[in-house]
Amino acid sequence: MKRYLCSIIIGMVVILSIGTYYVKVASSASSLPKYTFKTLEGSDKMLDPVIINASLQNGSNFKNEPLTIESNTTTYESERSYLENLTGRQNQQIETLVKEHRSFMRGKYSISSLYEDDDFLAYASVNSEYTKSGNMEAKFDIGLLEKKDEEETSFQIELPNQGRIMNADVRDVQLVHSKLQVLTMNDVNSNNEKQTKEVQLYTIDVANKKVLSDKTLVSETFTDPDQVDFQMPTDVAPSQPNNMVFISLIKGVNHEDGYEEKLKESKLLSYNYETEKLETVKKGSLSLDMARSGYADGKNLYLVEMKSGKYRIKTFDLSSQTLTNDTELDIAANKEEQYTAAFKNGRVYFLLGNEVDQDVLTNKPAKLLIADIKTGKTLYKGETVINKKNSKSFELIIGDLEIK
């Protein structure tokens with residue numbers, strides 16, 4: 001009887017401890033300010049698909065509180081359940097795929113490792129670990145789901161020539177002619193002072209579970225203080241079919257007074273999965289600086305330009321590599337503020353918020369504009385308001401913008 005009584009007491013203590021924790025969390029969250037968007041133009045229904053991941057900085061104690069503004073409602077991380085915080089907030093596209101294909105999506109969290117069309121859902125990631133000798137052992141984790149009958153294929157296969165690779169980061173996955181195309185950015189082992197970075201393309205035969213080819217698209221070797229980096233435009237539809245990718249090759253050098261880019265020695269490349277052609281994009285068509293800060297959706301590349309005191313959205317057709325549209329947004333440009341953009345269903349969602357100098361709290365409201373990409377017509381305009389009187393001590397730091 002004493003044994004059972006002891007178990008009951010321990011259980012009650014655990015329950016009370018958890019309850020006390022959630023009471024404190026709820027009390028703490030209730031004292032935090034809530035942000036909403038005040039509509040200046042259009043209908044607040046336009047906010048329904050908007051998700052803003054941000055954090056609240058309290059100037060008095062420099063503590064950051066992660067939060068999400070979704071459907072114009074603020075929710076702090078501390079207000080979410082223990083299970084929600086344990087798994088972490090997932091990308092909206094990942095959450096949708098998990099709901100639709102829960103079994104296949106188990107353990108798959110990287111949106112850049114996924115591909116989806118009407119018939120298939122595919123996945124490719126690199127699973128690596130370092131041995132005691134310092135060498136990397138790496139394998140591809142491959143998965144393919146045939147949606148019609150929910151038939152799953154999954155397997156691991158060794159990464160080719162892995163002895164020469166320090167790190168491999170999957171940046172794009174495509175299914176072309178029933179073969180999986182996996183684009184990675186790799187850091188290569190070196191026994192001297194030289195460093196090498198490369199863009200690699202692996203072709204995988206899922207049916208026969210083997211790597212058919214391992215092709216280096218771009219490779220650059222350099223020695224400190226010279227530096228090389230590969231960048232790609234932000235993919236606004238990373239799991240959707242895409243025949244072409246852009247790769248920015250950025251060269252630079254480290255000086256005592258900081259890093260300096262050498263744009264004259266840098267270049268913009270395009271690769272077509274169908275034709276297998278790697279080409280250098282002519283500077284007259286698209287500037288390197290604009291391309292790497294652009295947003296791609298598989299068909300178009302959207303570029304944000306600041307001109308004559310306004311922001312402009314330029315639409316660059318990927319297949320023809322020509323500029324097809326140039327639209328002015330009805331929002332004043334401010335070099336002291338950073339923007340975040342999202343593109344979906346023919347609309348641009350443009351969020352202007354963070355100050356460039358984050359060391360100084362300004363407490364300026366974040367501004368959100370939703371406009372038609374082709375015409376520039378404003379569909380919604382609003383700015384954040386806070387529900388606390390002592391709001392001067394708080395700063396909203398914008399993280400990223402998602403659209404459901």
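Student: What makes you trust this model, and how much of the chain scores at least 70 in pLDDT?

Tutor: pLDDT is the predictor's confidence in each residue, from 0 to 100. The chain averages 84, and 85% of the residues score at least 70. Over residues 17–28 the pLDDT is below 50, and beyond near neighbours in sequence this stretch has four contacts in the model, where contact means heavy atoms within 4.5 Å. This is a predicted model, so local features need pLDDT of at least 70 and side-chain atom pairs count only at pLDDT 80 or more, while totals for chains, interfaces and linings use all residues. Residues are numbered from 1 along each chain as its sequence is written, and side-chain values use heavy atoms, with hydrogens and water left out.

Student: How many helices and strands does the chain have?

Tutor: Four helices and 27 strands. Both are DSSP runs numbered from the N terminus: helices are H or I with at least four residues, strands are E with at least two.

Student: Why is His101 called buried?

Tutor: Buried means under 20% relative accessible area, exposed over 50%, and partly exposed in between (1.4 Å probe, protein chains only). His101 has 9%, so it counts as buried. The residue sits in the loop between helix H3 (92–100) and strand S5 (114–116). Not counting residues up to four places away in sequence, His101 touches Glu116, Leu121, Leu145, Lys147 and Glu150. The C-alpha atoms of His101 and Lys147 are separated by 8.9 Å, though the two are 46 residues apart along the chain.

Student: What makes a set of residues a nonpolar core?

Tutor: The members must be buried Ala, Val, Leu, Ile, Met, Phe, Trp, Tyr or Cys, joined through side-chain atoms within 4.5 Å. The largest one here has 24 residues, and those with the most contacts inside it are Phe37, Val50, Ile52, Leu351, Leu368 and Leu401. Strands S1 (35–42), S2 (50–58), S3 (63–70), S24 (347–355), S25 (367–372) and S27 (394–403) each supply at least two residues of this core. S27 gives the most, with five residues. There's also a second, separate core of 22 residues, which includes Tyr115, Met136, Ala138 and Val206.

Student: How do you know that S2 is mostly covered?

Tutor: Nine of its nine residues are buried. Val50, Ile52, Ala54, Leu56 and Asn58 point one way from S2, and Ile51, Asn53, Ser55 and Gln57 the other way.

Student: What makes S2 a partner of S27 and of S3?

Tutor: Two strands pair if DSSP finds at least two bridges between them. S2 and S27 have nine, in the antiparallel sense, and S2 and S3 have eight, also antiparallel. Both counts meet the cut-off, so both are pairs. For landmarks, Asn58 stands opposite Phe394 in S27, and Asn53 stands opposite Thr68 in S3.

Student: Why are S14 and S22 said to stand at the edges of their sheet?

Tutor: The open sheet runs S14-S19-S20-S21-S22, with mixed pairing. S14 (234–235) and S22 (322–332) each have a single partner strand, so one side of each is left without a neighbour in the sheet.

Student: Why is Lys215 with Glu276 called a salt bridge?

Tutor: The definition asks for a side-chain nitrogen of Lys or Arg within 4 Å of a carboxyl oxygen of Asp or Glu. Their N to O distance is given as 4.0 Å, and the pair is counted as a salt bridge. Lys215 is in strand S12 (residues 210–223) and Glu276 in the loop between strand S17 (267–272) and strand S18 (277–280), 61 residues apart. Lys215, at 31% relative accessibility, counts as partly exposed, whereas Glu276 is exposed at 52%.
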